Amino acid sequence: MKVGIIGATGYGGLELVRLLSSHPAVQEIQLFTSSEEGISFSAKYPHLTTLYDQPLEAITKEAIAQLDVVFLGTPSGISGQLIPEIYNEQTVFIDLSGDLRLKNIENYENWYGKKAAPQGLVNRSVYGLCGWNDAAIKEAQVIANPGCYPTATLLSILPLLQKGLVKHHNIIIDAKSGVSGSGNKPSQMTHFTETTEATTIYKINQHQHIPEIEQAIELFTGKVEPITFSTHLVPMIRGIITTSYLQVESGVTEEQLYRAYEDVYADDPFIRIVPSVQKLSTNQVRGTNYCDITINLDARTNRLTVVAVIDNLVKGAAGQAIQNMNKIMGYEEQAGLKQVPLFI
Ligand SMILES: NC(=O)C1=CN([C@@H]2O[C@H](COP(=O)(O)OP(=O)(O)OC[C@H]3O[C@@H](n4cnc5c(N)ncnc54)[C@H](OP(=O)(O)O)[C@@H]3O)[C@@H](O)[C@H]2O)C=CC1
Ligand SMILES: CC(=O)N[C@@H](CCC(=O)OP(=O)(O)O)C(=O)O
């Protein structure tokens with residue numbers, strides 16, 4: 001199989017290269033750039049010396065037509081305009097950005113502040129939340145790969161909402177991310193001096209993943225109420241931890257809650273339900289496609305704490321994108337995704 005990566009020089013692109021390198025069905029990876037055509041990939045990234053000495057290529061419709069699958073790891077506002085220009089019906093398009101996720105394109109323009117993709121393309125795109133949308137994913141030609149924060153949040157709260165064990169009302173999600181979540185373009189917010197010894201809350205009540213999480217809650221549970229969702233930048237490179245607070249329905253026990261996860265994720269190789277321990281860390285999934293989840297029901301408040309950890313670049317981006325590819329192409333679900341966590 002021949003695959004291509006548009007935005008290969010970005011963090012999501014680099015992670016795709018790393019993971020696809022061990023995929024048994026991938027024979028060739030073409031690396032595309034919009035700004036550095038002809039430059040050797042390993043000259044730009046010396047850790048890839050002898051592995052990817054090939055030159056970066058210009059993005060053309062003709063080159064894309066030669067590929068079975070193309071991944072787009074481009075900043076928001078790009079793929080929604082680019083895919084129509086390079087589209088053909090034989091290639092599978094998997095978009096890591098937020099451009100194709102929101103079905104209401106006005107919503108996209110309001111939250112992202114950018115021109116939306118054509119409505120027809122958005123309609124054709126399938127939201128690639130693995131484990132929740134698999135029937136549609138298997139038939140898809142265009143995938144809107146979920147956002148990093150929504151992946152951790154949704155995987156951890158959807159089973160309980162879907163089974164009616166917790167209330168839709170008054171959900172609060174507190175999320176924290178490593179700095180690689182904001183990509184490889186330096187900014188004031190990601191400057192070493194301003195991140196390395198600080199934890200920063202940002203985009204308060206304005207984060208673009210709020211409508212994505214709400215849309216998915218409605219899609220997979222049939223109803224939704226507005227959520228409170230807060231994002232923080234913490235001084236680490238990789239990892240996301242989401243802590244969600246939910247009110248349980250009366251009489252529901254912790255055992256019933258655990259059983260809900262076991263039911264929903266019985267056959268999912270990437271979801272690990274961790275017993276209610278006192279510790280859960282982003283380290284335990286680093287470099288892998290795992291999403292580890294734990295819960296704790298506080299009898300004093302009847303409030304449930306649901307915690308999920310993922311690697312933002314793997315389950316939150318490149319790993320889930322490859323999982324989507326595996327589902328579409330009929331490969332083993334774990335192909336290319338069998339890494340052991342890099343704990344320390
Ligand atoms: N980082 C993360 O943890 C996650 C990121 N995402 C989303 O995935 C996407 C990629 O993220 P990330 O890899 O971090 O981003 P980066 O900023 O690290 O990389 C984006 C890449 O896109 C390429 N690019 C820029 N402009 C264009 C253009 N006009 N046409 C084609 N390519 C272009 C650039 O490469 P070049 O100049 O060589 O073309 C650049 O290296 C983003 O939309 C992001 O929001 C989603 C989940 C998690
Ligand atoms: C740490 C950090 O800055 N994270 C980014 C995640 C961006 C992202 O993945 O955006 P889309 O999913 O919308 O493409 C943010 O909070 O905006």
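Domain bounds here come from an automatic or database domain assignment. The model is predicted: local features need pLDDT of at least 70, side-chain atom pairs count only at pLDDT 80 or more, and totals for chains, interfaces and linings use all residues. Residues are numbered from 1 along each chain as its sequence is written, while chains are lettered from A and ligands numbered from 1 in the order in which they are written.

View 1. Ligand 1 is surrounded by 30 residues; a residue counts as near a molecule or strand if its C-beta atom, placed from the backbone, lies within 6 Å of it. The closest are Gly7, Gly10, Gly12, Ser97 and Gly183. Helices α1 and α12 (314–329) each supply at least two shell residues. The largest share, 3 residues, comes from α1. By class, the shell has 9 nonpolar, 19 polar and 2 charged residues. Ala, Val, Leu, Ile, Met, Phe, Trp, Tyr, Cys and Pro count as nonpolar, Asp, Glu, Lys and Arg as charged, and the others, Gly among them, as polar.

**View 2. The shell around ligand 2 has no charged residues.** Its residues divide into 2 nonpolar and 9 polar. They are Ser76, Ser97, Gly98, Gly147, Cys148, Ser177, Gly181, Ser182, Gln208, Thr231 and Leu233. Domain 1 (2–124) and domain 2 (149–312) each contribute at least three residues to the shell around ligand 2.

**View 3. An open sheet of 7 strands pairs in parallel.** The strand order is β3-β2-β1-β4-β5-β7-β6. Strands β3 (57–58) and β6 (126–127) form the edges, and each pairs on one side only. Helices (H or I, at least four residues) and strands (E, at least two) are DSSP runs, numbered from the N terminus. Two strands pair if DSSP finds at least two bridges between them.

**View 4. Bridge partners link neighbouring strands.** β1 and β2 run parallel, joined by 5 bridges. Val3 stands opposite Ile29 in β2. The parallel pair β2 and β3 has 2 bridges, and Thr33 is bridged to Ala58 in β3. Strand β5 (residues 92–95) runs parallel to strand β7 (residues 142–144) over 3 bridges. Ile94 has Ile143 of β7 as its bridge partner.

**View 5. β1, α1 and β2 make a right-handed β-α-β unit.** Right-handed means that, with the strands pointing away from the viewer, the path from the first strand over the helix to the second runs clockwise.
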